[in-house]
Amino acid sequence: MKKRFMFATMMVAMCSTALFTSCGEVEEGSVEEQFKFGELTAVANADGTIEIAGQIATNTKIKEFALYNADGSVAYDFLEQNEQVKEKNKTLDENGKAVKDKSFVLDIKSTGKLPVAIYTLRIKTKKAGAFEEAIGAEYHFNIGTGANDKLGSQFSLYNQSAYMLKDFYDSSNGNISDEAVASKIEVALKGEGDNVSLETAKLLTIANTPKDGVRSQEQCDANKAILADAKIFENAIITTTDCIATYKLTKVDDVTYEISGIVINSKGTLKIDTSAAFN
């Protein structure tokens, strides 16, 4: 009987792991196939590239473990590039059966840098158990200059949305009014007309400039602590909301720009490690 497999993602306080096992009937004396990986991470680099690392544990042969480009070509083959995985496959039965009490823990690391792009991560075991997940996605949305009274200059790559200051800040008392929104805002558009640029949200006036009767220095410091941070490089934006994105600013009109590119975030199995950019 052809077995079917499922993938389950479990989040717990201390760690995140992914596991798939065989379902349905199991022949007497046989062992369920298992494939589990702890948090796969992609280190975000300032040049707009990532390096993938992590660990896998399995008791069965791995038939396929690769990252594919959007056109279906192989971007990186973890199976072919990992001698540890090759060696593990040799130790299992030639017929590919899962082995009882023999789970192998293997280190996975891509050699060389991979560009921020749209990928598909695909894993298959000997008996066709499969896991597949999309990594990276195109994004585009409009943001406003300070002269735009309908579209905000502050935006979130994590939420892929622009925000007016009033959406998360109370000008009557100088406090951030919506921490859930503010904590995801990483970047702001500054300038007017053809002379615009991007800066981290940590440089917003509400986070740095006291104002008599409205904001104290203590309030500024509190606002700054809530806002997310970003490092803006020539080829990428890296954020404390665990995103790395390519970006392009396109003028729509005198008070509106479109920002577009490809973003990889930590919403799926692959977690983005942005710590190096902020150390």
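This is a predicted model: local features need pLDDT of at least 70, side-chain atom pairs count only at pLDDT 80 or more; totals for chains, interfaces and linings use all residues.
Two strands are said to pair if DSSP finds at least two bridges between them.

**Paired strands**

Strand E6, which covers residues 62-69, pairs with E10 in the antiparallel sense over seven bridges, and in this pairing asparagine 69 has tyrosine 119 of E10 as its bridge partner. Tyrosine 119 also has a bridge partner in E11, namely isoleucine 135, and strands E10 (residues 119-125) and E11 are paired in the antiparallel sense over six bridges. E6 is also joined to strand E7 (residues 74-77), with three bridges between the two strands, which run antiparallel; here alanine 66 has aspartate 77 of E7 as its bridge partner. The hairpin of E6 and E7 has four residues between the strands, and in this hairpin glycine 72 takes a positive phi near 95°.

The pairings described above can be set side by side as follows.

| Strands | Sense | Bridges |
|---|---|---|
| E6 and E10 | antiparallel | seven bridges |
| E10 and E11 | antiparallel | six bridges |
| E6 and E7 | antiparallel | three bridges |

How much of E6 is covered? Six of its eight residues are buried, and the strand is therefore mostly covered, given that buried means under 20% relative accessible area.

In soluble globular proteins, nonpolar side chains tend to be buried together. In this model the largest nonpolar core has 33 residues, and those with the most contacts inside it are Ile52, Phe65, Leu67 and Ile244. Apart from this core lies another, of 16 residues, among them Tyr139, Leu157, Leu189 and Ile237. Leucine 67, when its neighbours within four places in sequence are left aside, is in contact with a list of residues that includes Ile52, Val74, Tyr76, Phe78, Leu114, Tyr119 and Ile135.

**Aromatic rings**

The model has four aromatic pairs. Elsewhere, charged groups sit over rings: the charged end of arginine 122 is over the ring of tyrosine 68, 4.6 Å from its centre, and lysine 267 lies over the face of tyrosine 158, at 4.3 Å from the ring centre.

Is threonine 256 buried or exposed? Threonine 256, which is in strand E23 (residues 256-264), counts as buried because its relative accessibility is 7%. Its side chain makes a polar contact of 3.1 Å with the side chain of asparagine 148, and the residues in contact with threonine 256, leaving aside neighbours within four places in sequence, include Asn142, Ile143 and Leu151.

Asparagine 223, found in helix H4 (residues 217-226), is likewise buried, with a relative accessible area of 3%. A polar atom of the asparagine 223 side chain lies 3.1 Å from the backbone oxygen of glycine 174, and a polar atom of that side chain lies 3.0 Å from the backbone oxygen of isoleucine 206. Not counting residues up to four places away in sequence, asparagine 223 also touches others, among them Tyr169, Asn175 and Arg215.

Terms used. Residues are numbered from 1 along each chain as its sequence is written. Side-chain values use heavy atoms; hydrogens and water are left out. Buried means under 20% relative accessible area, exposed over 50%, partly exposed in between (1.4 Å probe, protein chains only). A polar contact is a pair of N or O atoms within 3.5 Å; within protein, one must be able to donate a hydrogen and the other to accept it, and residues adjacent in sequence count only if both atoms are side-chain atoms. Contact means heavy atoms within 4.5 Å. Rings of Phe, Tyr and Trp (its six-membered ring) pair if their centres lie within 6.5 Å; planes under 30 degrees apart count as stacked, over 60 as edge-to-face and the rest as tilted. A charge sits over a ring if NZ of Lys or CZ of Arg is within 6 Å of the ring centre and within 35 degrees of the ring normal. A nonpolar core is a set of buried Ala, Val, Leu, Ile, Met, Phe, Trp, Tyr and Cys residues joined through side-chain atoms within 4.5 Å.
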